[in-house]
Amino acid sequence: MSVHPQYLTMLRHLRTKALENFGTRLEQSLNRGEGFATSVQNCTQSCILEFDQGCAEALVKQAEWDDDSKVWEKLLYDIEAHSSSVREKKLTEIAVSYEKKLTQDLTAPVESLIEFGGKDTWPSIRKLLRRETDAAISGFSAAVSGFELDEETFNKMVQNLKDYATTLVEKKAREEAGKVLIRMKDRFLTVFNHDHDSMPRVWTGKENIRTITKDAHSASLKLLSVMAAIRLDEKPDNVENVLFSSLMDGNISVPLSQDKKMGASPDPLASSTWEEVPPNKTLITPVQCKSLWRQFKAETEYAVSQAISAQDLSTKRIIV
């Protein structure tokens, strides 16, 4: 009976055992908090050493077989393949964990800032985005330090985190832009029905409803201008000025087809783009703003008429 086939079977058994031991020890080392690269190096050395010792014990004296070197190369290949697989899995888990943290730390604050819709909305969002992104990158850098990543891989993963945070904010802004009409009506009713001290108005007849309505319209239009575009690059735009000059100043807009006949200026809101805003950063186009404003005014007229009626009734009571 030939001894060589039995020797080959023993080598395959030793390789399988060494690979299993490597996987177990690597996981245990990582669970103890040891660095990935150091863990791979130590576990590889110990398992290869055990494999070499097993081969030496199994080798028949005076035999000139070189099968162990082939199996050794196969073992090393399998170890490297397993290490790469675990490495990618662990790195993905770390990246996902920081993406979840960014989602948690950015979503609600961005929604709140957009809902507020003031002059500091986008500066505050930019500040929030920078702060939370820097914090995530700092934590991520510490978490992957033990992997000894090359500079290109590390920079790519950091850029992915930055892109994720930016995309998250932009996505949230787009979601909130879809609620702009509701937000505008809420803002109008808040300003219209409350005085400067945030106390509910009582329509006694002394209030200037025209001025109050204009203030409420202005607050709502300001909100619309804030939500019309994504402003993460700090570049100035003329959206607010265009909206106020077109919708609040009482200018009469003329369709482009009638410009030459009537000698009028073209309607700045009869467009699908803003001059200073790239299309991919536009949340609400000029023509959409115009349509929303018409709908908004129609749906808030009732509140104004109710206030006028309440004033009239109060005045009649005083006369009687």
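Let me start in helix 5 (residues 151-177), where lysine 172 and glutamate 175 sit three residues apart and are therefore separated by about one helical turn; a helix here is a DSSP run of H or I with at least four residues, numbered from the N terminus. Please keep in mind that this is a predicted model, in which local features need pLDDT of at least 70, side-chain atom pairs count only at pLDDT 80 or more, and totals for chains, interfaces and linings use all residues. Residues are numbered from 1 along each chain as its sequence is written, and side-chain values use heavy atoms, with hydrogens and water left out.

The side chains of lysine 172 and glutamate 175 meet in a salt bridge of 3.4 Å, N to O, the term meaning a side-chain nitrogen of Lys or Arg within 4 Å of a carboxyl oxygen of Asp or Glu. Lysine 172 is buried, at 11% relative accessible area, while glutamate 175 is partly exposed at 38%; buried means under 20%, exposed over 50%, and partly exposed in between, with a 1.4 Å probe and protein chains only.

Elsewhere, glutamate 27 and lysine 90 form a salt bridge of 3.4 Å, N to O. Glutamate 27 belongs to helix 1 and lysine 90 to helix 3 (residues 67-116), so this pair ties together parts that are 63 residues apart in sequence.

Note on methods. Helices (H or I, at least four residues) and strands (E, at least two) are DSSP runs, numbered from the N terminus.
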